[in-house]
Amino acid sequence: MKNKTSCRTIEILNLSDKELIDLSAKNVLSLSLDEMKSVQPYFRKLKRNPTDVEIETIAQTWSEHCKHKTLTGIIEYTEEKYSKKTKRTYNNLLKETVFKATMELNKKWCLSVFKDNAGIIEFDAKNGVAFKVETHNHPSALEPYGGSATGIGGVIRDILGVGLGAKPLANTDVFCFGNPDTKDSQVPEGMHHPKRIAKGVVAGVRDYGNRMGIPTVNGAVYFDDGYMANPLVYCGTMGIIPKNKIDKKVNSGDLILVVGGRTGRDGIHGATFSSIQLDQESDVSAVQIGNPIVEKKVLDTMLKARDLNLYRAVTDCGAGGLSSAIGELGEKTGAIVYLDKVPLKYDGLVPWEIWISEAQERMVFAVPPKNKKRIVELFKKENVEAVFVGEFTKDKKLTLKYNGHVVASMDMSFLHDGIPKPKRPAVCKIKEEKVQKPIKMTSADLSKTLKSALSDLNVCSKEWIIRQYDHEVQGQTIVKPLQGTDIEVSGPGDASVIFPYTSVNGTKKGVVLSNGLNPSYGKINTYKMAASAIEESLRNAVAVGADVEKMSLLDNFCWGNPNKPEILGSLVRAANACYDMSKAFDIPFISGKDSLHNEYSIGGKKYSIPPALLISAMGVIENAANTVTMPLKNDGNKIFVLGVTRNEIAGSVLAKIKNIKDGIVPVVYPKESKEVMKRIYKAINNGLIESCHDCSEGGLAVAISEMAFAGDKGVKVDIDAIRTKGKLSAAEILFSESNGRFIVEVIPENESKFREIFKSCVFAEVGCVTEDKYVIFESTKNKIKVKEKSRNLLKAWRNTISW
Amino acid sequence: MKKVKALILRTAGTNCDYETQAAFEMCSAVAERVHINSLIENKDKIFEYDILAFPGGFSYGDDIASGKVLANEIKNKLGDKIKKFSLSGKPVIGICNGFQVLVKMGLLPEPKLFEQVSTLSYNDSDKFECRWVYLKTEKKVKNESNCIWTKNLPDIITLPVAHGEGKFIPVNFKLLEELNKNNQIVFRYSTRNGAIPEYPLAPNGSVEQIAGICNTKGNIFGLMPHPERYMFALQHPAREGFDGEYGWGKIIFQNAVDFVK
Amino acid sequence: MFEIDIFTKEGFKDSRGEHVLSDILGIGIKGVKKVDYSPFYIIDGDINKSEAKTIASELLSDKITEGFKVGFGTQEKKSKNPIIEVLYKKGVTDTVSESVAKAIKDLGITKDVKVKTGHKYYLHGNASQDVLNKIAVKLLANTLVQEYKIK
């Protein structure tokens, strides 16, 4: 194996530990010493050194991004609460928490969970809906536009590559950025300014999503200095798939077809790169640039090929490129690939580069030989490049050839199962939370605080972003991200609903998409952060009319360096919350992804990001027309608050504005909440609710104000009527962020039926919609009266982000 | 009775073809999505259809300028046939990217001319925006314009727009006068009450708030807003609709289908 | 090799230029009064000047709002003011160039051409070399995938 094959032999058989570590570092393999030492005996047995192609293949297959080895490894966890220690060992954290809950719940309507490129639940008798959310953090820090564009492009391919391919119906996007008002001098050397990152990321998602013709309908943006040098970019896609296209199976003898974009040096080492910390000298070839039109052509054509049954399996080329895609499809059979047949963007790529390149817009198909001609013709008709590069064998080996020479030959079992299980310690010291000193504020101060809360970066309108996305392409977005009572004024919708009438003839059903995220709780308590994110995602969905019995969840953990026991410990806590909440709410997780090592260095000092767990929720609604929006509708209607307001201020917007250090982070009470959620679905379907809004960041004051200005209405609220637990001040009642609460608008004639439905829940009538267009919060007990024009509150909410 | 047949021309980057197909089907026409390659292979196939639609999207990524690459391709490879189809008086519609294509190949404002004399340029805001707008259909349009697509509409309607290059600019004042004189300006951005709007209700800075135009004969119609996204009330932000059920797009597509019948 | 420069005709709004100007002001740089934006295309292949002109007028420029200049090698619109020129680095995917190459064939010019696309920003007002570099690096070019020249 010499020069003519353009591949090198890598000496490892006789290397010392130190030399193995150096080799891994020098070649950006990201393999640990333990892993390098597991490679040695395999090749000793073969009595030869590996080629560069082989070593790169192993590095890709065993990468954090492809294998998730941290969380599938052994974790020895110690929890300390009130100086009492408990210990537990996890052999596979997510399998023993998130996934375990799903298995135990065992829902019949979960059609494919945690095994394919996306989770699939039942839509109707003939179709399923698939949902996947991915992260693309490090590339977006370096090249915000290209990074986020390839992020969305990648997750769309996950949907194209689930089962035999689903048709994308909607995208979601959630970002965490540094403060956009940061002074230039405070931005770490070599990093982009957070505002530039934000603008670039939005533009990338916009240009890719819009060109693909997939509406971006749901999302969130969270600003915190902790994300300045390491932004988080979550991209999701939901698609629809016929039930009989969910299973895929590769047969020995099937041909390997590569379809779509050409292969270049793009993103080489992207998979291994995702587990390396960011610093100034980060590897530049890891950056990819996408071409959405190539992917759109693949989408147009492959669904035709799917419906003609021309292939038996498909997957996308994501992290690790062909090595991962073909390695995955051929795991049970074996595969032989002729690397010289792979179409290239330009000359000069050596075999290992071809094999692991992460060039975008490529899909790999397993095609029965009899369909060889037809499938290529179908692609050719619409100018899509499709080239056979090899076949699936039955020898259970991976064989790679280049110009007639074997450049790699390894057992699939070694590649997929040869990775040693790492062992990591994790600790979590649970901080005791205590109630803050009573927060007393004057009416004037409350007014000012309300405006500050509305214009806070994490509450304010994201209209500047949302309108740049074509959130209505396909014509199916019937609950939109921005909501008003006519077309001019708009407030923040809780969730979006897709009514897939062009894909499913005659359907009445809808798909609801929502999310929950709150890193500020996680700075204090990651268990409560996770639980709150789960509940928030459900509340958001329920507020528009989702059936809480037909919901499913996705988890996306973005964490710091897991080699630090306390960081890994905080993740274990969050994973435990996922299990507990999934069980308590009786709602399964169907897919998930983690991104660890979100750490960056400034001036030699290392920082981990604030942990962020994004929960995305998807549900199927029986009748898409039975959904509601959040703007207040008519003068004279009554306002009710459902749920209990507790003294839970820690991590809140109020705590941030007033710099309050103490306080309790909001707790989730699943039993209480779920009862309310079930009844809201019933009330909406009986036509008893005019508008409904979830209460989260900024508490009741913000949520009620939003409903008023979105509807261009006034509202009068009696603070004393709000049901609380314990004694709370007016400020605490208005700004506490307790979970489990909704605000609803009811026509007086419907009141008694409405009360009947909720009679076993805690709720109260708190006010009414008024025609004078003032938002009023009043407490005679505390002699408080906050009175603001709803137009002024709209202005405060609207004007923060306008770039 | 024979069903009315609509051809929806698509290519790489077209993305409103399914909902446009659905729109025609809701008006009981048969609509087929046809790839430009197959039409170039069999050019006369176009005459099997009664209606020709250029749907929205980002043809060829809208590289160079919106609709430019597709307009160039159609003009050079299908020009004669498209012109013949258009001059025959059969209904033709270009929506959003389709409008950009019609204008850039010169089928609008006058197919006889078949030369670009107006353009759809970058929005004044320099960004892509998706929002709902009011459109003024003007009394005289309904009564005097030849436009077959916009009959029976009220004075003010609402439709969504979603574009980055929608600023209509005619080559000179003379052309603008002619468009006005011939009642070819069938849609203008407007306020709720029919007054001249400001941004964002004027989403792109179009000359005289122009949102849609037709040719003098009235069979060819191009517009930036998306009528196919407002066929039924559920699609409206506040779920409004006429007869409690339909969106204004329904009237627009039905007009063309009825015209053919 | 031809370079084709596209510019906004007098009397039409240069939205992109205005946007860049507001970004420049937004990062606290004073002195720049106006920015003219001009995309440009480098067409490499066996074509003659009249073909290059056809490509410029029929394809790359808008007949109503834009003008063009075709020249051998690289060139600028006459300008006393500094120009920041941004191009993709070698090997970085340039999606527009592929569309241009396709469209040239559609025009009936069947010779094989290679296309590169770039952006020029003509800056009016006062800006030192340092400031120009800052504008280029902070706003106009990402040096990871693009290179820029100040002329």
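**Close-up views of a three-chain predicted model**

**View 1. Chain B overall.** A compact globule of 261 residues would have a radius of gyration near 18 Å, and the 17 Å of chain B agrees with that. The radius is taken over C-alpha atoms, and the globule rule is 2.2 Å times the number of residues to the power 0.38. This is a predicted model: local features need pLDDT of at least 70, side-chain atom pairs count only at pLDDT 80 or more, and totals for chains, interfaces and linings use all residues. Residues are numbered from 1 along each chain as its sequence is written, while chains are lettered from A and ligands numbered from 1 in the order in which they are written. Along the principal axes, the C-alpha atoms of chain B fill a box of roughly 50 × 40 × 35 Å. Chain B holds 7 helices and 11 strands (DSSP runs numbered from the N terminus: helices are H or I, at least four residues; strands are E, at least two). Of its 261 residues, 61% count as buried. Buried means 20 or more other C-beta atoms within 10 Å of a residue's own, exposed means 12 or fewer, and partly exposed lies in between, with C-beta atoms placed from the backbone. Among chain B contacts between residues at least 6 apart in sequence, 74% join residues at least 24 apart (contact: C-beta atoms, placed from the backbone, within 7 Å).

**View 2. Helix H7 of chain B.** H7(B) covers residues 248-260. Its 13 residues should span 18 Å at 1.5 Å a residue, and its end C-alpha atoms, 19 Å apart, agree. The expected span is 1.5 Å times one less than the number of residues. Buried residues of H7(B) include B:Trp248, B:Ile252 and B:Phe253. Their cover includes helix H1 (17-26) and strands S3 (51-54), S4 (92-95) and S7 (156-163) of chain B.

**View 3. Chain B against chain A.** This contact takes 28 residues from chain B and 31 residues from chain A. On the chain B side, H1, strand S6 (129-136) and S7 each supply at least two residues. S6(B) gives the most, with 4 residues. The chain B side divides into 14 nonpolar, 8 polar and 6 charged residues. Nonpolar means Ala, Val, Leu, Ile, Met, Phe, Trp, Tyr, Cys and Pro; charged means Asp, Glu, Lys and Arg; the others, Gly among them, are polar.

**View 4. Chain C against chain B.** Chain C and chain B contribute 21 residues each to their contact. Helices H1 (15-26), H2 (49-60) and H3 (95-106) of chain C each supply at least two residues of the chain C side. The largest share, 7 residues, comes from H3(C). By class, the chain C side has 7 nonpolar, 6 polar and 8 charged residues.

**View 5. Crossing helices in chain A.** The axes of H23(A) (residues 699-710) and H26(A) (residues 790-798) come within 9 Å and cross at roughly 110°. H23(A) is therefore roughly perpendicular to H26(A) (65 to 115 degrees; under 35 is roughly parallel, over 145 roughly antiparallel, the rest oblique). Axes are lines fitted to C-alpha atoms, for helices over the stretch in contact, with angles from 0 to 180 degrees between N-to-C directions. A:Ser705, A:Ala708 and A:Phe709 of H23(A) meet A:Ser790, A:Arg791, A:Leu793, A:Leu794 and A:Trp797 of H26(A).

**View 6. Helix H8 of chain A.** 17 of the 17 residues of H8(A) are buried, so this helix is largely enclosed by the rest of the structure.

Methods
Contact = placed C-beta atoms within 7 Å.
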